[in-house]
Amino acid sequence: MMTGISSSLGRLLAPLSVLAFAVAAQPAGAEDAAAMKASEHIYDTYCAQCHGVNRNGKGVNTVGLSVQPRDHSDTRGMSSIPIEEMTKAIREGGVSVNKSALMPPWNSVLSDEQITNMVAYLRKVCRCDTPQ
Ligand code: HEC
């Protein structure tokens with residue numbers, strides 16, 4: 001009796017585990033590309049006004065700022081910022097890493113995952129992981 005139930009359960013669950021495998025085995029590249037695209041869109045929405053549409057720190061909203069926004073295309077400058085500091089600066093604002101308060105906190109706008117993805121995106125923009 002019990003074996004009958006468990007074997008039919010097994011038959012029911014087998015396709016499920018195949019499905020789970022198929023989802024897990026999705027190419028990582030596709031997921032990365034989607035996250036990069038999403039970060040690019042977030043950047044254009046929230047960051048470009050200061051950091052520039054060209055990611056060079058020369059946004060339209062920088063006239064008269066006493067501290068100029070970071071040039072995100074500057075490989076050497078960006079490489080010098082530890083990933084944890086970059087994450088914290090974006091999450092909690094410039095002040096949290098002893099930088100300017102003109103860099104706003106984004107934790108009420110962006111999720112932790114979006115911030116993590118943004119850091120990965122910035123590392124790509126600055127070509128920080130590409131050997132020079
Ligand atoms: C209102 C203008 C403004 C906006 C909008 C803005 N930033 Fe900034 N950001 C700054 C300024 C100014 C600095 C330089 C702070 C300093 O060096 O003291 C900075 C610095 C940074 C840094 C370097 C932090 C460090 O530790 O040196 C990162 C990374 C950064 N911004 C990411 C972002 C991201 C991502 C967004 C959008 C989600 C964003 N910023 C939006 C003004 C801005």
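How many nonpolar, polar and charged residues does the shell around the ligand have? By class, 17 are nonpolar, five polar and three charged. Here Ala, Val, Leu, Ile, Met, Phe, Trp, Tyr, Cys and Pro count as nonpolar, Asp, Glu, Lys and Arg as charged, and the others, Gly among them, as polar.

This is a predicted model, in which local features need pLDDT of at least 70, side-chain atom pairs count only at pLDDT 80 or more, and totals for chains, interfaces and linings use all residues. Residues are numbered from 1 along each chain as its sequence is written.

Start with the fold. The protein has five helices and zero strands. Both are DSSP runs, numbered from the N terminus: helices are H or I with at least four residues, strands E with at least two. The order from the N terminus is α-α-α-α-α. Of the 132 residues, 14% are buried. A residue is buried if 20 or more other C-beta atoms lie within 10 Å of its own, exposed if 12 or fewer, and partly exposed in between, with C-beta atoms placed from the backbone.

Now the ligand. It is surrounded by 25 residues, and C47, C50, K99, S100 and M103 are the closest. A residue is near a molecule if its C-beta atom, placed from the backbone, lies within 6 Å of it. α2 (28-51), α4 (83-92) and α5 (112-125) each supply at least two residues of the shell. α2 gives the most, with five.

Next, the core. The largest nonpolar core holds ten residues: A89, I90, M103, I115, M118, Y121, L122, V125, C126 and C128. Such a core is a set of buried Ala, Val, Leu, Ile, Met, Phe, Trp, Tyr and Cys residues joined through C-beta atoms within 7 Å. α4 and α5 each supply at least two of its residues. α5 gives the most, with five.

An α-helix has 3.6 residues a turn, so residues three or four places apart point the same way.

I115 touches T87, I90, R91, W106 and L110, leaving aside residues up to four places away in sequence. Contact means C-beta atoms, placed from the backbone, within 7 Å. After α5 comes R127, with a positive phi near 55°.

Technical notes: Contact = placed C-beta atoms within 7 Å.
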